[in-house]
Each structure stands twice: as C-alpha cells, then as structure tokens.
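Colleague: Please take one part of this model and look at it closely. Then set that part against the rest of the chain.

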Amino acid sequence: MKVSVIVPIYNVEAYLEACLESIVKQTLDDIEIILVNDGSTDGSSAIAGRFAANDSRIRLISQKNSGQAVARNVGIREAQGDYIVFVDSDDWIEAEMLEVLYRNIRQEKSDFVQCRFEFDNPQRGTKTIYGRKFDKLVMQGREILEDAMMVRNILVAPVIKMYNRKFIIDNCLFFESGIVNEDTLYAIVVSCCARKVTFVDKVFYHAIERDGSTSRASYQRLCSHMVIALDKVREYLEAKGVFVSVEGLFKARYLKSVLYNLMQMSQRLPYDEYRKIWQWNMEHSMYRNYNRMSVRKNLPWPHRVMVRLSVYPGLFYKSVKLLNLLSFRMH
C-alpha cells in the first residue's frame with residue numbers, strides 16, 4: 001500500500017463530509033484512510049461510519065476523547081502504507097495532492113516532502129495563501145534543523161507533509177499528548193532526525209479558518225503550553241547533542257513563537273484581558289531573558305520590530321490592531 005491518510009475526528013459534523021470527499025476522490029487510488037473518531041458527541045461519528053461503509057479503503061477507529069495527538073498516534077500505529085499523511089477533519093485537500101507528493105518522495109527518497117497551503121475563511125469569504133515560495137526544493141543535513149527552527153521553509157503544520165513511515169517508526173516520532181502546541185514540538189523533532197527533505201511549491205492543502213470567541217483562559221492555556229513545548233524542544237536537542245550548535249536559533253524561535261501568541265491575543269481579546277496574559281508571559285517564560293539584540297538579529301526585520309514593541313503592552317496592542325486592519329500577516 002502506498003499511502004496511509006490519518007484523520008482525527010472530533011465534533012466537526014459541518015465540515016467532515018467535504019473533508020472526506022476530498023480524500024476519497026484523490027487521483028492516487030492505492031491508499032488507506034484511517035479515521036480516528038476521538039469521542040465525538042455530534043453527528044461526526046455517523047458521517048464517518050457512512051463513508052467507511054461505502055469505501056473499503058476506509059477504516060474507522062473509535063476511542064474516548066483523548067485529544068488530537070493521541071488520535072494521530074493511534075493512526076501512526078495502525079498505518080500500513082509506505083508513507084503517511086495527516087489531514088485535519090475540518091480541512092480539505094486538492095485531488096492530486098497525494099499523487100504529486102507520493103511521486104516526489106519516492107523519486108527523491110526524502111524523509112518527508114512538504115507542499116504549501118491556504119487559509120480559507122468561509123464566513124469572511126477570504127482565501128489567503130500562507131507564506132512565500134520555497135527558497136529551495138531540496139534540503140539535506142544540518143540546514144534542515146536550522147530552517148525548521150526559524151520556520152523559513154519547513155513549516156510547523158504536519159498536515160502539509162507526507163512522511164516516510166519507516167523514518168517515523170525508526171525514530172519513534174510520535175506526537176506529545178497533553179499540550180495544545182504539539183505541532184511546534186513535532187516539527188522540530190522530526191527535522192532534527194531528517195537527513196533529506198523535499199518541497200513541492202504548489203498549494204494543495206486548504207485550512208478552514210473559523211471565526212469565534214476564544215476566552216482568556218484558552219489563551220492562557222495556549223501560552224503556558226507553548227512554554228512547555230519549547231522547553232521540551234530544548235531538552236530533546238540537548239539529548240541529541242545538537243543544542244549548542246543551534247542555541248542562538250532556538251532563542252530566536254522562542255521569541256518568534258511567544259510573539260505569535262501575543263499578536264493573536266491582541267487581535268482577539270479586550271485590552272485588559274490581553275494585559276493579564278502579557279504579564280504572565282513576561283514573568284513565567286524566557287521571553288524577556290532572550291529579548292536581546294544578539295538573539296533578535298536572527299529574526300526577519302518585521303519580527304525584530306514587533307519583538308521590540310512587545311515590551312510596551314499598550315503600544316504593541318494598538319500596533320497589532322492597525323496591522324490587522326491593513327491585512328498584514330507575519331509568518
């Protein structure tokens with residue numbers, strides 16, 4: 001079997017049918033589709049069951065709600081294909097995605113191949129391609145980890161990649177459960193182990209953005225889990241004996257990741273609530289310690305500017321609001 005597609009499912013009845021239709025209609029036919037129903041309480045289970053009954057390539061696994069990381073890990077252990085792809089159950093993929101990525105990873109013998117993706121917001125009627133064209137189509141050796149640390153070409157999202165299953169299993173590359181920032185950790189750990197990575201400079205994946213209110217408690221959890229994820233990144237790199245060689249990049253990535261959360265909160269929370277979480281980040285993370293010129297120089301200039309501004313909560317908050325009005329995205 002060529003490819004195993006792993007789809008964790010949790011309460012996405014409004015989006016699941018479109019997601020599964022995009023997978024079953026792939027031009028690459030020799031695939032298996034592993035649906036992991038993670039304790040859904042809406043109509044998702046029935047939709048998944050209907051698709052499984054009508055397509056022999058689909059296996060439906062049901063479990064109590066354990067989180068996306070656990071569901072993905074179940075899929076990895078069940079997978080029988082030579083290669084693995086993850087798809088989030090509220091997103092969809094272009095019909096030729098699997099065939100093109102499969103052809104590339106087979107021909108190049110890479111550990112994983114990555115394509116580009118687009119944010120689709122049905123409520124706003126907007127579509128935004130994430131990032132820029134790839135700088136190169138092949139990476140090898142140390143440059144893979146260095147690139148992933150700074151999210152230049154190798155992006156965080158696992159859903160835009162096709163992985164060699166043997167590479168995943170041989171290196172015990174499973175998702176960390178219990179944190180909401182497991183993708184940050186996973187992307188760096190995978191890149192630390194990879195010897196060769198390839199890229200397909202085409203948009204094949206569509207991530208559905210859903211507008212909605214997010215509480216301060218949710219953002220507090222996001223920030224605390226990001227600190228946990230970054231601490232685990234450091235522990236892993238130290239265990240592998242490579243931390244010293246990328247220490248400057250790690251600290252810059254730390255700034256970049258916390259900055260991203262601060263910008264997200266500035267867009268979505270009232271100032272008084274934002275100010276409380278800003279204070280938490282300044283007191284309980286390494287953000288202030290790493291916010292030095294010797295570290296900031298590793299960041300792109302827009303990030304350097306925003307990191308400098310971020311120590312002034314009121315000015316930073318207003319600046320992010322203005323950038324949002326101008327539809328300016330920082331990647």
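**Cysteines, rings and the fold around them**

Modeller: Cys 193 is buried, at 13% relative accessible area. Buried here means under 20%, exposed means over 50%, and partly exposed covers what lies in between (1.4 Å probe, protein chains only). Keep in mind that this is a predicted model: local features need pLDDT of at least 70, side-chain atom pairs count only at pLDDT 80 or more, and totals for chains, interfaces and linings use all residues. Residues are numbered from 1 along each chain as its sequence is written, and side-chain values use heavy atoms, with hydrogens and water left out.

Stay with the sulfurs. A disulfide needs two cysteine sulfur atoms within 2.5 Å. The count by this rule is 0. Cys 115 takes part in none: its nearest cysteine sulfur belongs to Cys 19, 14 Å away. Cys 115 is buried, with 0% relative accessibility. Cys 193 is also in no disulfide. Its nearest cysteine sulfur is that of Cys 192, at 5.4 Å.

Now the rings. Phe, Tyr and Trp rings (the six-membered ring for Trp) pair when their centres lie within 6.5 Å; planes under 30 degrees apart are stacked, over 60 edge-to-face, and the rest tilted. The structure holds 18 such pairs. One is Phe 134 with Phe 199, tilted, at 4.9 Å between centres and 45 degrees between planes. The partners are 65 residues apart: Phe 134 is in the loop between strands E7 (126-129) and E8 (138-140), and Phe 199 is in strand E10 (residues 196-208). Helices (H or I, at least four residues) and strands (E, at least two) are DSSP runs, numbered from the N terminus. Both partners are buried, Phe 134 at 11% relative accessibility and Phe 199 at 3%.

Another pair is Tyr 274 with Phe 316. Their centres are 6.5 Å apart and their planes meet at 20 degrees, so the pair is stacked. Tyr 274 sits in helix H10 (residues 271-284) and Phe 316 in helix H14 (residues 313-325), so this pair ties together parts 42 residues apart in sequence. Tyr 274 is buried at 0%. Phe 316 is buried at 0%.

Phe 86, Phe 112, Tyr 163, Phe 175 and Tyr 186 form one aromatic cluster. A charge sits over a ring if NZ of Lys or CZ of Arg is within 6 Å of the ring centre and within 35 degrees of the ring normal. Arg 72 places its charged end over Phe 175, 4.9 Å from the ring centre.

Contact means heavy atoms within 4.5 Å.

Next, the backbone. Asn 11 has phi near 50 degrees, a positive value in a residue other than glycine. Asn 11 lies in the loop between E1 and H1, and is partly exposed at 26%. Lys 109 is not a glycine either, yet its phi is positive, about 55 degrees. Lys 109 is in the loop between helix H4 (97-108) and strand E6 (112-121). Lys 109 is exposed, at 67%.

Last, the whole chain. The chain has 14 helices and 10 strands. Its radius of gyration is 20 Å, close to the 20 Å of the globule rule for 331 residues, so the chain is as compact as a globular protein of that length. The radius is taken over C-alpha atoms, and the rule is 2.2 Å times the number of residues to the power 0.38. The C-alpha trace spans about 55 × 45 × 35 Å along its principal axes. Buried residues make up 53% of the 331. Of the contacts between residues at least 6 apart in sequence, 79% join residues at least 24 apart.
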